[in-house]
Amino acid sequence: MANLINLENVSKTWGLKTLLDGVSLGVQTGDRVGVVGLNGGGKTTLLEVLTGIEPPDQGRVSHVSNLRLAVVTQRAELNDSDTIADVVLAPLGLETYEWASNARVRDVLGGIGVADLGLETQVGGLSGGERRRVNLAAALVRDLDLLILDEPTNHLDVEGVQWLAEHLISRRMALVVVTHDRWFLDTIATTTWEVHDGVVDTYEGGYNDWTFARAERTRQADAIEQRRQNLARKELAWLRRGAPARTSKPRYRIEAAEALISNVPAPRDSVELTSFSRQRQGKVVIELEDARIETPDGRMLVDHMTWRLAPGERIGLVGVNGSGKTTLLRTLAGEHQLAAGKRIEGQTVRLGWLRQELDDLDPKKRLLEAVEDVASYVQLGNKEMSASKLAERLGFSAKRQRTPVGDLSGGERRRLQLTCVLMAEPNVLLLDEPTNDLDIDTLQELESLLDSWPGTMVVISHDRYLIERVTDTTWALFGDGNLTNLPGGIEQYLERRRETAAAEGSGPLDFGEKNRPAAVEKQGMSSQQEREVQKQMNTLERKIAKMDQKMAKIQVEMAAAAEAVDTDKLSRLDGKLKATADDREMLEMEWLVLGEQLES
């Protein structure tokens, strides 16, 4: 295993803010690193210094000679006159007619929907999201030692995110990726870097492992960090009680984490919220009867559809890009007219609609003024919150709340738009991609707010964690003229898409399974072998528990020796403690190896 890039005591400052302060870290062959942190905390700066786009103010950046490196940033800087073929195929020496004969190129162009754009299309006519996908495709078709990605899942649907994760895992290159998509982070990352306060903390594993580690770190923090601790513990409660957690931690560590959150209530009381919602909304919310919905270009979206939103219903809406999800949401809001049928809206409905567009904010007003123009106080569940407090919950410090709206970044404007929607105290929420440009901490705050929000909600999102966390049912548009309920959620949606692709004989929806190297194909175990491995793991867990008891006893003895100022005994006990810790670590490694055998 070789070092590809190293940072040695690197510092970087923008204006008066130090984003990196004496950071030393490296990337080795085979590493898959997920980078997380608050917006503006230095994630993108870290990538730019790592790749040489920006020089460090202090310190040294080194990399191996002849490093094959590709960087895909959020800038999508392309020559407008170039075609997609010029950007993706020309660097490989391929002609346009040759792309289908190259397995990797065919897989990439189909997997993220670039082939559908037309290879002779000039990139100058593409949207920002389409340009990002072209940039991503140009990197993925190359043979690389290291790939660095900044928010690659933006502008990809759930299916595209799944394909990208499987594709990256199948490749034999190192990876560093900034992402707020927690499912994606948990799937691809073997290491997580958290960038905060000028430092970079390193954790083994993906999102769930990082959540466990951060919950423990905040548990031991000062009282001033109490709010952050509670948020981490609530998120941990969801991970253990909601969708199955994907974590490589041994069972005894999971049990310790469960003890940490044993007194944390469930994320939400659905029965209580539904009852409260009925009191606020009555029996009729929004109903579509025998509806025919057509897209603005005349394509039929659904026909003869009857859909009644119930009070307190929480719905996740999924489908491929271009399937008509936003059009359906606009129809629910009453902005898009039905081609046939009837829309009924309850008399007590107060609609809150988070659009993808950011054209409804006055650039001259200060941030807090824009929020207080909606309301000064809001009732969320059984809690009253001021405009300033809600803005703070969604990531705006007291100082930032005085900033003119026109000076905010795109991500901040998105958060402000969401704050204003919630301040209006709607009882029906329509959210169109609410997670775009939000960092993980702000996502957790948003989910915490929505957990206690008593009303009807329809959410469009490619963020699987958000859909699983804040909604109770999943519906999908498959392009067959129907709106389909999916009791199995996102997994059932992806399975249906795979079945459709297989029936049509197309390849992009195999999520990389056909192209996965034989070395990572799963090998099944017999029931007898599984029982034997599980028996060995149980034995190791008992031994580890005994080691923990032994270490605790030694620590008590060390405390007594320190109090008696018996330095000789303290030294002997210290050596004994280190030896016991080493033995425990060996047992833990054996446990992990056996655990991987069970999962493979």
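# Notebook: a walk around α5

I began with E151, which sits in the loop between β6 (146–150) and α5. Helices and strands here are DSSP runs, helices being H or I with at least four residues and strands E with at least two, numbered from the N terminus. This is a predicted model, in which local features need pLDDT of at least 70 and side-chain atom pairs count only at pLDDT 80 or more, while totals for chains, interfaces and linings use all residues. Residues are numbered from 1 along each chain as its sequence is written, and side-chain values use heavy atoms, with hydrogens and water left out.

I looked up the backbone of E151 and found a positive phi of about 50°, although E151 is not a glycine. Is E151 buried or exposed? Its relative accessibility is 10%, so E151 counts as buried. My cut-offs are under 20% relative accessible area for buried, over 50% for exposed and in between for partly exposed, with a 1.4 Å probe and protein chains only. N9 is another non-glycine with a positive phi of about 50°. I found N9 in strand β1 (residues 3–14).

**The whole chain.** I then stepped back for the totals. I noted 19 helices and 20 strands in the chain. Of its 600 residues, 50% count as buried. The chain exposes about 28,000 Å², and carbon and sulfur atoms supply 47% of that; the areas come from the Shrake-Rupley method with a 1.4 Å probe, and for residues only the protein chains shown count as cover. For contacts (heavy atoms within 4.5 Å), I took those in the chain with a separation of 6 or more, and residues 24 or more positions apart account for 70% of them.

**Helix α5.** α5 covers residues 158–170, which makes 13 residues. From first C-alpha to last, α5 reaches 19 Å, close to the 18 Å expected at 1.5 Å a residue; the expected span is 1.5 Å times one less than the number of residues. How many of the residues of α5 are buried? I got 13 of 13, so the helix is mostly covered.

**Partners of α5.** I checked two helices against α5. Helix α3 (residues 103–111) packs on α5 at an angle of about 150°, with the axes 10 Å apart. Axes are lines fitted to C-alpha atoms, for helices over the stretch in contact, and angles run from 0 to 180 degrees between N-to-C directions. The two are therefore roughly antiparallel, a label for angles over 145 degrees, with under 35 as roughly parallel, 65 to 115 as roughly perpendicular and the rest as oblique. On the α3 side I listed D107, V108 and G111, and on the α5 side G160, W163 and H167.

Helix α17 (residues 489–504) comes within 11 Å of α5, axis to axis, and the two cross at roughly 80°. That makes α5 roughly perpendicular to α17. From α5, V158, E159 and Q162 make the contact, and from α17, I490, Y493, L494, R497 and R498.

**Cores.** I count a nonpolar core as a set of buried Ala, Val, Leu, Ile, Met, Phe, Trp, Tyr and Cys residues joined through side-chain atoms within 4.5 Å. The largest has 49 residues, and I84, V88, V134, L147, L168 and F184 touch the most other members. Beyond four places in sequence, L168 touches L140, L147, L149, M173, L175 and F184. Another core, of 43 residues, lies apart from that one and has V318, A375, L422 and L443 among its members. In soluble globular proteins, nonpolar side chains tend to be buried together.

For each I skipped contacts up to four places away in sequence.

- L329 is in helix α11 (residues 325–333), and at 0% relative accessibility it counts as buried. I found L329 touching W353, L430, L431, D432, V458 and I460.
- V374 lies in the loop between α12 (367–372) and β15 (377–380) and, at 38% relative accessibility, counts as partly exposed. V374 touches C420, M423 and A424; the C-alpha atoms of V374 and A424 are separated by 6.0 Å, though 50 residues apart along the chain.
- P363 sits in the loop between β14 (351–354) and α12, and its 45% relative accessibility makes P363 partly exposed. P363 is in contact with P404, V405 and G406. P363 and G406 are 4.0 Å apart, C-alpha to C-alpha, and 43 residues apart in sequence.
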